[in-house]
Amino acid sequence: MKFFVDTAEIEEIRALAETGMVDGVTTNPSLIMKSGRNILEVTKEICDLVPGPVSAETVATDAEGMIAEGRKLAAIAPNIAVKVPLTWEGLKACKALTDEGRMVNVTLCFSANQALLAAKAGATFISPFIGRLDDIGMDGMELIQEIRQIYDNYHFSTEILAASIRTVNHVKAAALIGADVITAPPAVIKALASHPLTDKGLDAFLKDWAKTGQTILG
Ligand code: G3P
């Protein structure tokens, strides 16, 4: 399973990248707004830091506009995945951009049928939003399961990029289903390492070690 980090904060990406946990990055207009940075500049910095796919989102609502924006974003670096929304216009843009050999991430996916269309349009990634479905009382993980089954039934190569991940349990459930990628905020990725019994065990080991009076490095 690949881990993408869902942020446009360069320092957070840098810190996580040092652990080898960052296989890619996803951004969106809200994350760019939060960063306070220029989209072209910050995206270039992220691409220089992370060799894996870096998603940068178009904001036009018509296919022609998305294609033009997509080409401009893709010119930033070879590892750009152009993000388009799952609308009919977005699907048209997806087909055109993938035909040009560019990576495309189709975002704002909330149904299995939408995911089926994205795969048929040649999407590199489909981004189903788990947390936002949970927010309205639906089961986001059920959508991941349905898409996994459909893509496997027909051997689509589109990768399932489970997005809007809010908790460590989302990560585990997506991994058990076989999502190809998760994208999560840095705090969620870091929280994967935490367990109270790890902290408790380490504390006990260190207390006992202190009683030996030894040092390993001499
Ligand atoms: O990349 C988009 C997605 O991860 C958004 O997450 O928490 O805003 O629903 P959230």
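Which side chain meets that of Arg71 in a salt bridge? I looked this up before anything else, taking a salt bridge as a side-chain nitrogen of Lys or Arg within 4 Å of a carboxyl oxygen of Asp or Glu. The partner is Glu100, at 2.5 Å from N to O. Arg71 lies in helix α4 (residues 63–74) and Glu100 in the loop between α5 (88–99) and β5 (103–109), so the pair ties together parts 29 residues apart in sequence. Helices (H or I, at least four residues) and strands (E, at least two) are DSSP runs, numbered from the N terminus.

Basis of the entries. I worked on a predicted model, in which local features need pLDDT of at least 70 and side-chain atom pairs count only at pLDDT 80 or more, while totals for chains, interfaces and linings use all residues. Residues are numbered from 1 along each chain as its sequence is written, and side-chain values use heavy atoms, with hydrogens and water left out.

Overall. I noted eleven helices and eight strands in the protein chain. Of its 218 residues, 46% are buried; buried means under 20% relative accessible area, exposed over 50%, and partly exposed in between (1.4 Å probe, protein chains only).

Further salt bridges. My search of the whole structure found 14 salt bridges. One of them joins Glu89 and Lys92, whose closest N and O atoms are 3.0 Å apart. These two are three residues apart in helix α5, and therefore separated by about one helical turn. I also recorded Arg166 with Asp135, at 3.1 Å from N to O. This pair links distant parts of the chain, with Arg166 in the loop between β7 (159–162) and α9 and Asp135 in helix α7 (residues 130–135), 31 residues apart. Arg166 is partly exposed at 40% relative accessible area, whereas Asp135 is exposed at 53%.

I placed Leu217 in the segment after α11 (196–212). Leu217 counts as exposed, at 85% relative accessibility.
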